[in-house]
Amino acid sequence: MVKITADTNVLVRAAVMDDSVQSALAAKALLNAELVAVTLPSLCEFVWVLTRGYKRNTSEVAHALRRLIESASVVVDRSAVEAGLAVLEQGGDFADGVIAFEGRRAGDCVFTSFDKEAVELISANGGEARLLAKK
């Protein structure tokens, strides 16, 4: 058995099953791997592609993410993913939740953005956040 790092396109094909050849290859690669490393950048892309490109709603995307990270062979930064999911499930951007989490972990950094909704959601989830705006 092989250990793999799954690219975003492999995750998307396996999740949406929209290309018979590539979807089958992706599913087989994921199922046959001894270990599947799933990086945070690929998960951020995965969410973006599903919500923007495939127009999937956030509950569908959150469900797909949870199914993926619950797989026994998947290795992922679960704490960061859960932080992203918390923001996503409240209508925000998964990546913002991940970014804020990683900043806190890196040294209690304050999430800083021009995005008012992101700042509000990060704050609502217990993170320290600051909106950049003209005074």
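Modeller: One definition to start: a disulfide is a pair of cysteine sulfur atoms within 2.5 Å.
Colleague: What should I know about the numbers?
Modeller: This is a predicted model, where local features need pLDDT of at least 70, side-chain atom pairs count only at pLDDT 80 or more, and totals for chains, interfaces and linings use all residues. Residues are numbered from 1 along each chain as its sequence is written, and side-chain values use heavy atoms, with hydrogens and water left out.
Colleague: OK, how many disulfides?
Modeller: Zero by this rule.
Colleague: How much of the chain is buried?
Modeller: Of its 135 residues, 36%.
Colleague: Switching topic. What's the secondary structure?
Modeller: Seven helices and five strands. Both are DSSP runs numbered from the N terminus: helices are H or I with at least four residues, strands are E with at least two.
Colleague: Which strands make the open sheet?
Modeller: Three strands, in the order S1-S2-S3, with parallel pairing. Strands S1 (3–5) and S3 (74–75) are at the edges with a single partner strand each, so one side of each has no neighbour in the sheet. Two strands pair if DSSP finds at least two bridges between them.
Colleague: How many bridges join S1 and S2?
Modeller: Three, in the parallel sense, with S2 covering residues 35–37. Lys-3 sits opposite Leu-35 in S2.
Colleague: Now helix H6. How many residues?
Modeller: H6 has 14, residues 94–107. From first C-alpha to last, H6 reaches 21 Å, close to the expected 20 Å. The expected span is 1.5 Å times one less than the number of residues.
Colleague: Which H6 residues are buried?
Modeller: Among them are Phe-94, Val-98, Ala-100 and Phe-101.
Colleague: And what covers them?
Modeller: The cover for the buried residues of H6 includes helices H3 (40–53), H4 (58–69), H5 (78–88) and H7 (116–124), plus strand S4 (111–113).
Colleague: What comes just after H6?
Modeller: Asp-108, with a positive phi of about 55°.

Notes. Buried means under 20% relative accessible area, exposed over 50%, partly exposed in between (1.4 Å probe, protein chains only). Contact means heavy atoms within 4.5 Å.
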